[in-house]
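Please find below a colleague's note for someone opening this entry for the first time.

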Amino acid sequence: MDSNKINLDVLIVGTGFAGMYMLYRMKRLGLSVLAIEAASDVGGTWYWNRYPGARCDVESVEYSYSFSEELQQEWEWSNRYSDQPEILEYANHVADRFDLRADIKFETKVTSAHYNSDSKSWDVETDMGDFYSARFCVMATGTLSAPNAPNFEGLDTFKGDWYMTSKWPHESLDFSDKKVGIIGTGSTGIQAIPVVAEESKHLTVFQRTPQFTIPANNRQLDSDEIKNIKDNYTEIRKKARESRAGIASVNIGDKSALEVSDQERYEKFSDIWNGPGLNDFVASYNDIITNLKANEFAGDFIRSKILEIVEDKEIAETLLPEVMFWCKRVCADTNYYETYNRENVELVDVSSLPIEKILPEGVQVSGSVYPLDVIIFAIGFDAMTGALNNINIVGKDGIKLKEKWNYGPVTYLGLCVSGFPNLFTITGPGSPSVLSNMMTSIEQHVDWISDFIEYSIDHGVTEIEATSDAEIEWTNRVEELADNSLKSNSGCNSWYLGSNVPGKKRVFMPYLGGVGRYREECDEIASSSYKGFILH
Ligand code: NA7
């Protein structure tokens, strides 16, 4: 094995937006670096999730790299929220523009990574039989990249075709003469349902938990708007980096929802519903996500919209979310509730009576069979830890990361783990990650990791490791923030808590303090010669 081993300074796992930027930074440092990617091309999430209607719900001008002024000036987004093909085109453009592909090994999965305490490096193996020894290993494996496989009794007997939204085929599919069923009404299902309804003969939606969704109000960007953004990019990016969610365009209200009249609140919610939409809605008042009453106002407004939009009273009632607003990730949609007014769309409530089994001819719920030619599974991901745990990561003294995280992930800053030296996790659990504009958080993590690697090289440091004390203190802080939030305390289930994966320990995984505050904490640690780390 050793004779075939390739030595590297840095090995990166994954080439979504995190891995691509990490690769760019490492190349600029002149290090020997390789990125390993399971897909046949770059793009991560945007490579895999090609389902109809896939679209970003952070505005494209902000869901884009800021590290290159030339790149942000030359790239032209067509829409306020670009669709998956355009975002993937952007990822490809970046790969070409910065000549990244030469240092990426595609169609290869990293299967294991063992820390070698003698060489102070990571021994990494792939499913293609490659062996690498890398001083630093950077996990850019994504936070929503390990899909939950459909585990329904009888699926193997189904006579039609079935697809997972997260592994959508590359060829186009024609549903025009098909009876299609979609299982799952999270962000993915809510984006896919209106489009599949238009493209299919009949659509049956199997809904377990109704979700809150707010119109995306997507539209084309005009040239004046684009010019204005490009002229002001420096300010926009700065504001995003200092904000709570990593988005500059969100205007956080300075009032409590409790201090205004019902009429004023209704008008404000209506304006946001018809205008900026999702992210501004969450930020409309300063206590929507902290005060139960304020939160109820937001939830009640959306419930009233559902009753107003959906013509059939019974269907409307079935669509009303009972959970707290913002407990699950709030979705952004295009014509979602309106879709239930179509004659070819049927809604099946599988909350109290779950899907029993899949038969050759369709799906059975409570003894009734829904005949289908196609089933689409939009049933979510093993979020934040799934992709990391799918790799056999073994640290010092044979500790396995998966076992260390049996009771929930413990990290220092969501970036490093004690017992796993020279290993970094981009947007890992314990960082703002999925609660923010991923681009803002990815760039911040990559910059911080790159600076740390450069520092260690400049200072002759060969091993860096988070201390156990720093890790415990950080993990407790993440937990405290969660304990003080409605998001983890309202009794609802969400993938943030891991409660969508059977057997997964229920722990609120992301850091809730906001990206601005988080960045300050990371910067302070870096400027104090990396407090909380042991450097050898
Ligand atoms: P989500 O948000 O986890 O949604 C998955 C959906 O699938 C959700 O409605 C689930 O219902 C439903 N589900 C899961 N298992 C079943 C079974 N067995 N039967 C019926 N329904 C089921 O995943 P998404 O892909 O939509 O979104 C993930 C994130 O990706 C999104 O938030 C963005 O950040 C991008 P449940 O709510 O668990 O009752």
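Predicted model: local features only at pLDDT ≥ 70, side-chain atom pairs only at ≥ 80, totals over all residues.

1. Are α15 and α18 roughly parallel or roughly perpendicular to each other? The two helices are roughly parallel to each other, because angles under 35 degrees count as roughly parallel, over 145 as roughly antiparallel, 65 to 115 as roughly perpendicular and the rest as oblique. Their axes lie 11 Å apart, and the packing angle is about 0°. Axes here are lines fitted to C-alpha atoms, for helices over the stretch in contact, and angles run from 0 to 180 degrees between N-to-C directions. Helices (H or I, at least four residues) and strands (E, at least two) are DSSP runs, numbered from the N terminus.

2. Residues are numbered from 1 along each chain as its sequence is written, and side-chain values use heavy atoms, with hydrogens and water left out.

3. Returning to α15 and α18, their contact (heavy atoms within 4.5 Å) is made on the α15 side by T440, S441, Q444, H445 and W448, and on the α18 side by V515, Y518, R519, C522, D523, I525 and A526. By class, six of the residues in the contact of α15 with α18 are nonpolar, four are polar and two are charged. In this scheme Ala, Val, Leu, Ile, Met, Phe, Trp, Tyr, Cys and Pro count as nonpolar, Asp, Glu, Lys and Arg as charged, and the others, Gly among them, as polar.

4. Helix α18 (residues 515-527) also meets helix α7 (residues 233-242), where the axes come within 6 Å and cross at roughly 85°. The helices α7 and α18 are therefore roughly perpendicular to each other. In this contact A240, R241 and E242 of α7 meet V515, G516 and R519 of α18, and the residues divide into two nonpolar, one polar and three charged.

5. Which residues of α7 are buried? They are Y233, I236, R237 and A240, where buried means under 20% relative accessible area, exposed over 50% and partly exposed in between (1.4 Å probe, protein chains only). These residues cover an arc of only 95° around the axis, which puts them on the same side of α7; the arc is that of the directions from the helix axis to the C-beta atoms. An α-helix has 3.6 residues a turn, so residues three or four places apart point the same way. The covering of the buried residues of α7 includes α3 (69-74), α6 (223-231), α15 (438-458) and α18, whereas the face turned away from the buried side carries the exposed residues T234, E235 and E242.

6. Turning to the strands, an open sheet of five has the order β7-β16-β8-β9-β12, with parallel pairing; two strands pair if DSSP finds at least two bridges between them. The edge strands β7 (161-164) and β12 (345-349) each pair on one side only, and the twist from one strand to the next averages 20°. Within this sheet, strand β9 (residues 202-207) is joined to β12 by five bridges, and F206 stands opposite V348 in β12.

7. A three-strand open sheet, in the order β13-β14-β15, is instead paired in the antiparallel sense. Strands β13 (355-359) and β15 (368-371) stand at its edges with a single partner strand each, so one side of each is left without a neighbour in the sheet. Four bridges join β14 (residues 362-365) to β15, and the bridge partner of G362 in β15 is P371.

8. Strand β1 (residues 6-13) runs parallel to strand β6 (residues 131-139), with seven bridges joining them, and L8 stands opposite A134 in β6. Strand β1 also pairs in the parallel sense with strand β2 (residues 33-36) over four bridges, V13 having I36 as its bridge partner in β2.

9. Some loop residues deserve a check. E107, in the loop between β3 (104-105) and β4 (110-116), has a phi near 50°, a positive value in a residue other than glycine, and is exposed with a relative accessible area of 53%. S494, in the loop between α17 (486-489) and α18, counts as buried at 4% relative accessibility.
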